[in-house]
Amino acid sequence: MNDEVIQLDRVGMIYQAASGPVEALSDISLNVRRGEFIALVGPSGCGKSTLLRIVAGLRPATRGSVKVNGAEVTKPIAAVGMVFQAAVLLRWRTILDNVLLPAELAGLDPRKYRERAFELLRLTGLEDFANKRPNELSGGMQQRASLCRALLLDPPLLLMDEPFGALDAMTRDDMNLELLRVWGESSAQRKTILFVTHSIPEAVFMADRVVVMSARPGRIAEIKPIDLPRPRTVQVRATARAGELSLDIFEKLTGRRS
Amino acid sequence: MMRSMRWLVARLPTVSLFVILLIAWQLAVSVGGIREYLLPSPASVFAALTNGEIPWSRHIWVTAVEIIGAFVIAAVAGVFLGTMIAWSRIISQALMPFLVFVNTLPKVAVAPLFLIWMGYGILPNMLIGAMIGFFPVVINTAVGLTQIDRDLLDLGRVFSAPKWKVFVKIRIPNAYPFILSALKITATSAVVGAIVGEFVASQRGLGYVIIATQSSMDTAVAFAALFWISLVGLVTFGIVAMLTRILTPWAENGENP
């Protein structure tokens, strides 16, 4: 069995803008193991969101090879859960029906997934909101519902594009812990996660490895293994080691010695 | 009891202004000496409204049928064309110039042609109303069907949902508030169309009543007809507003486009 879930080999991406071709990504090589939590950090415009969509098969790479589970990606891949910066819930549906949407889109019988949906809502503390509409929920709760939606079909791979970027700092800290818990830090069957973020401390706190990217064109500047113990707790986040790692990445990103 | 009291208090400014205007109007005519054929007094308008010699119910019925027919034709045609435009780029490219052209035509000027083609009757007046009102529905339907978060459409692609399913589950419900707000405009333009049609040629309907008073100088009757027209228009508009609340309760609090 192949243990490399994602294999990126010298991936490049050039798109045509009004002013001519723009190189969004260049020479991206990265292998992600099963159950690994990878965080992508980098300045705006470094193509980290684009990279996520290339992995999902939603945008084609213009160079290099993209493999997921050993197969070349040529169209949107199945068995992937996606969480975006905005919760993008359907505002006319209840939270429960929003969580069930993937089953409907995939042509499965949503009634068979009600149990699973409730379980996820319970896990994220939303069980009392199952029949509410999105506009009755706070931003953090909406994002939780969006996470439940991504997890409904139990995809082995989660792609998260700045999922907590729009939340206030305290909610964000909560959501970080919650995601780690849902992910099942200590379980052997945990999912592979590709997590795009702007926040270095968040990346360090969550990830097994942090991929530091630079902009124009988007390249991998460094891949930083995070040797913090799991489970990651608030105490772990407050350690000197966590601060050191964040500082290293900060220096790498800004090119400054502080 | 309490609720109706509060309702009354909330409407007090509107009601007071209405009563003041009515009194001023009556005084202007009966004390100020404005002649009745220029501005009839509220009392004579009321008399005209209840005048048994004018078959109001028949005129109201004809105009109401025209308005509702115009509204339904505009709504169905508008939603259909808007959906076509959103469904396929080629259809959109083929259709749009024609629709824009039809929309720039002054519909009032086309009314006589409709009568030549179809003769007197309810149908040409309906079609004139529909023609005035359908364009906003086309545009809003197309916009509502296409103005969707790209991330949401990506979700459809990830689960390889067929195009019709994305339409039914995501695009169409998303378009409801857009379509309904266009229908509010259509409810008003259907009234205009029906009356214009009756102006041009007809022997029945509230528009006909107004034209007829021109020669008899019976201005009070014209005012009474105006009252009925606005009442029919108000009811049509009210039905759409009610539909909006029933169909899109989630789009309340100013979320409507």
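Predicted model: local features only at pLDDT ≥ 70, side-chain atom pairs only at ≥ 80, totals over all residues.

Analyst: Let's start with pairing: two strands count as a pair if DSSP finds at least two bridges between them.

User: Which bridges tie β1(A) to strand β4 (residues 63-68) of chain A?

Analyst: There are five bridges, again antiparallel. Among them, A:Gln7 has A:Lys67 as its partner in β4(A), and A:Gly12 has A:Arg63.

User: Why are β2 and β5 (71-72) of chain A said to stand at the edges?

Analyst: The sheet is an open one of four strands, in the order β2-β1-β4-β5 (chain A), with antiparallel pairing. β2 and β5 each have a single partner strand, so one side of each has no neighbour in the sheet.

User: Now the salt bridges. What makes A:Glu36 and A:Arg33 one?

Analyst: A side-chain nitrogen of Lys or Arg has to be within 4 Å of a carboxyl oxygen of Asp or Glu. For this pair the N to O distance is 3.3 Å, so the label holds. A:Glu36 is called buried because its relative accessibility is 5% and the cut-off is under 20%. A:Arg33, with a relative accessible area of 43%, is partly exposed.

User: How do you know that A:Asp154 and A:Lys191 make a salt bridge?

Analyst: Their closest N and O atoms are 2.6 Å apart, and within 4 Å is what's asked for. The pair links distant parts of the chain: A:Asp154 is in the loop between α5 (139-151) and β7 (157-161) of chain A, while A:Lys191 is in the loop between α6 and β8 of chain A, 37 residues apart. A:Asp154 is partly exposed at 45% relative accessibility, whereas A:Lys191 counts as buried at 13%.

User: And what about A:Arg237 and A:Asp173, what is the N to O distance there?

Analyst: It's 3.6 Å, and the two side chains meet in a salt bridge. This pair also links distant parts of the chain, with A:Arg237 in helix α8 (residues 234-237) of chain A and A:Asp173 in helix α6 of chain A, 64 residues apart. A:Arg237 is partly exposed, at 26% relative accessible area, and A:Asp173 is partly exposed too, at 32%.

User: How many salt bridges are there over all chains, and which residues form a network?

Analyst: The search finds 22 salt bridges over all chains. A:Arg53, A:Arg59, A:Asp161, B:Asp151, B:Asp154 and B:Arg157 are linked in a network of them.

User: Why is A:Cys46 called buried?

Analyst: Its relative accessibility is 0%, and buried means under 20%. A:Cys148, at 1%, counts as buried as well.

User: What makes B:Trp117 exposed?

Analyst: Its relative accessible area is 59%, and exposed means over 50%. B:Trp117 is found in helix α5 of chain B. A:Ala188 passes that cut-off too, being exposed at 81%, and A:Ala188 lies in the loop between α6 (169-183) and β8 (192-197) of chain A.

User: Which residues form the nonpolar patch in chain B?

Analyst: They're B:Val15, B:Phe18, B:Val19, B:Leu22, B:Ile23, B:Leu27 and B:Val31, with about 640 Å² of accessible area together. Members need over 30% relative accessible area, and B:Val15, which is partly exposed, has 43%. B:Val15 sits in helix α1 (residues 2-30) of chain B.

How values were computed:
Residues numbered from 1 in each chain as written. Chains lettered and ligands numbered in written order. Heavy atoms only, no water. Buried < 20%, exposed > 50% of the residue type's maximum accessible area, 1.4 Å probe, protein only. Patch = residues over 30% accessible without salt bridge, like charges linked within 9 Å, V, L, I, M, F, W, Y side chains within 5 Å. Areas by Shrake-Rupley, 256 points an atom, 1.4 Å probe, with all protein chains shown as cover. Helix = DSSP H or I, 4+ residues; strand = E, 2+ residues; numbered from the N terminus.
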